[in-house]
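The sequence and the model are shown first.

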Amino acid sequence: MYRPSFALIYNGRFNSAIDTAKTQNKWLLVNMQSMQEFTSHMLNRDTWANDYVARIIKKNFIFWQVNDDTEEGQKVCTYYKLNSLPVILVIDPITGQKMHFWNRMVQPENLLEDITSFIDLSPSEYHANLLNNRSRKNPRDEIKEDEVIQQSNEIKEEVMKIYYPPLPEEPKGDKNLICRVAIRLPDGRRILRNFLKIDSIKLLWSCCCVEFEEAETRPFRFRQVIPGKVKFLEYDSNLNFDH
């Protein structure tokens, strides 16, 4: 309905946006949208399209916008427990911590007023102040840099996890409705399992992702050997076991 401000939006995955914000010493501003909610379109029309807002964000933030029905959007919604959309978040690129959030529609003037503190203080300055304040209170409370980095990495790893649909109970009964599949894993192990012919082939990923650790963070595909040729099955496919 109302186009996003593409010139303002960081083009890349969430973890890449965090890394860029950290490198440039800027806060990460995230807008999680739902195209089913008219307020998402209002944000595009009234807030992100505002010239002054755009200039302030471009100078002081890395702005990342995503829809909740995408794979990246679902990961971020799950990790930050986002239920009511649209949502705007300010995220610390050093730790991945959610620093501030707004629900629903936010008018340009209200957004500018609320983000002033993040404009005045960069992420590195914010953490330097934390260190100084804690050191004055008790030297033992000093936050070590490697602990902060570890926390950031843990958050990134959690968000990077790939979530596949739940695997239903293995079907039994009428063989005309069932497809029996043999899968050979990279380590040579074999899996034999029944699926309903009307099931999506995405369940192949659900079946195998628990068999090797890398499947949680690395996309993988299946190679189907057909006499005379080799066919690759991709997770984005809309096929079922009957086709």
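This is a predicted model: local features need pLDDT of at least 70, side-chain atom pairs count only at pLDDT 80 or more; totals for chains, interfaces and linings use all residues.

## Pairing of S1

S1 and S3 run antiparallel and are joined by five bridges.

With S2, strand S1 (residues 27-33) runs parallel, and seven bridges join the two. Met32 stands opposite Val66 in S2, and Val30 has Trp64 as its bridge partner in that strand. Strands of a sheet pair through backbone hydrogen bonds, in either a parallel or an antiparallel way.

## The sheet as a whole

The order of the four strands is S2-S1-S3-S4, and they form an open sheet with mixed pairing. Strand S2 (61-67) and strand S4 (98-103) are the edge strands, each pairing on one side only. On average, neighbouring strands of this sheet are turned by 15° against each other, direction ignored.

## Helices on the sheet

Two of the helices are described here. Helix H3 (residues 51-60) packs on the sheet and touches S1 and S2. The direction of H3 makes about 110° with that of S2.

Helix H4 (residues 71-80) also packs on the sheet, where it touches S1, S2, strand S3 (87-91) and S4. For H4, the angle between its direction and that of S2 is about 105°.

## Burial of S1

How many of the residues of S1 are buried? The strand is mostly covered, with seven of its seven residues buried. In a regular strand the side chains alternate between the two faces of the sheet.

Both faces of S1 are covered. On one side lie Trp27, Leu29, Asn31 and Gln33, and on the other Leu28, Val30 and Met32; all are buried.

## Lys175 in its loop

Lys175 lies in the loop between helix H8 (145-160) and strand S5 (178-184). Is this residue buried or exposed? Lys175 has a relative accessible area of 73%, and therefore counts as exposed, the cut-off being over 50%.

Lys197 is 22 residues from Lys175 in sequence. In space, the C-alpha to C-alpha distance between Lys175 and Lys197 is 9.8 Å.

Definitions and conventions: Residues are numbered from 1 along each chain as its sequence is written. Side-chain values use heavy atoms; hydrogens and water are left out. Two strands pair if DSSP finds at least two bridges between them. Axes are lines fitted to C-alpha atoms, for helices over the stretch in contact, and angles run from 0 to 180 degrees between N-to-C directions. Contact means heavy atoms within 4.5 Å. Buried means under 20% relative accessible area, exposed over 50%, partly exposed in between (1.4 Å probe, protein chains only).
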